[in-house]
Amino acid sequence: NQAAVTIQYASGSASIGSLDGQADQLAQISYDGPAQLAPQQSYSVRGGLGRLMIRSAGSHGGFRFFGNNADGHTDLPLNLTVQEGGSTSQLDLSKLRVTSLSLETGASTTTLTVPASGVTSAQIKGGAATIDVEVPQGTAAQIQYEGGLSTLNVDQARFPSAGNQLYRSADYDSATNKVDLTIQAGVATVNVK
C-alpha cells in the first residue's frame, strides 16, 4: 500500500516516470547499455511497504513506476530517492503520488517535473549541475534556496519572493496540491518555473 524506491546510477542517461495503464505492476525497467553495467535490483515487502533498490554503474534507459487510475494518476504513495552522478536525466513525476523526494546530483543535467497532485516534500542537492524544475499548473510551491556559487532563476510571477531566498505561491497555505522544495546547490544553475 506504499513504496520506498531508491535509484542509484553513476553515469549515462535515464528517464523516470509513470507506467500507463498497468495497474498491477510496481515498476518496469528498460535498459540498452553495456551488459556489465545493467541495473541490479532488490525488492522486499514488509508491513505493507514495498522497498525497491535499483543500482547501476551506468544507465541508458528508463524507470517507470506504478499503474494509473482512471484519471491517469497513481494512488500509491511513494518515497523516492534518486542518486545520480555524471548523467543526463529526465524525471517526470507529474502523474505519481510522491510524498517524499530526495534528488542528489553530481555533474549532471537534470529536468524534474514535480507531482501535480497531493502534498510533496522535496529536497534537491546538486553539485556542478544544471537543474530545471517544472511545477505543473494548478500545483502550488514553496521554494527554499540554500545555495553556494549558484545561479537561481525562479518564475516570480508564479512564486513571488517571501523573504531571504524563499519563494512561495500566493495560495500555498490553502492549496490541496503543493510541493515544499528545498534546493541545496554548489556551483549549479537552477531554474524553477
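The accessible surface of the protein chain comes to about 8,900 Å² (Shrake-Rupley method, 1.4 Å probe), and carbon and sulfur atoms account for 45% of that area. The model is a predicted one, in which local features need pLDDT of at least 70 and side-chain atom pairs count only at pLDDT 80 or more, while totals for chains, interfaces and linings use all residues. Residues are numbered from 1 along each chain as its sequence is written, and side-chain values use heavy atoms, with hydrogens and water left out.

Of the 193 residues in the protein chain, 44% are buried, where buried means under 20% relative accessible area, exposed over 50%, and partly exposed in between (1.4 Å probe, protein chains only). The chain has 16 strands and zero helices; strands are DSSP runs of E with at least two residues, helices are runs of H or I with at least four, and both are numbered from the N terminus. Contacts (heavy atoms within 4.5 Å) between residues at least 6 apart in sequence join residues at least 24 apart in 58% of cases.

Glutamate 146 belongs to strand β11, which covers residues 140-147. Its relative accessibility is 37%, so glutamate 146 counts as partly exposed. Beyond neighbours within four places in sequence, glutamate 146 is in contact with Thr182, Ile183, Gln184 and Ala185. The C-alpha atoms of glutamate 146 and glutamine 184 are 4.8 Å apart, although 38 residues separate the two in sequence.

Lysine 178 lies over the face of tyrosine 172, at 4.8 Å from the ring centre. A charge sits over a ring if NZ of Lys or CZ of Arg is within 6 Å of the ring centre and within 35 degrees of the ring normal.
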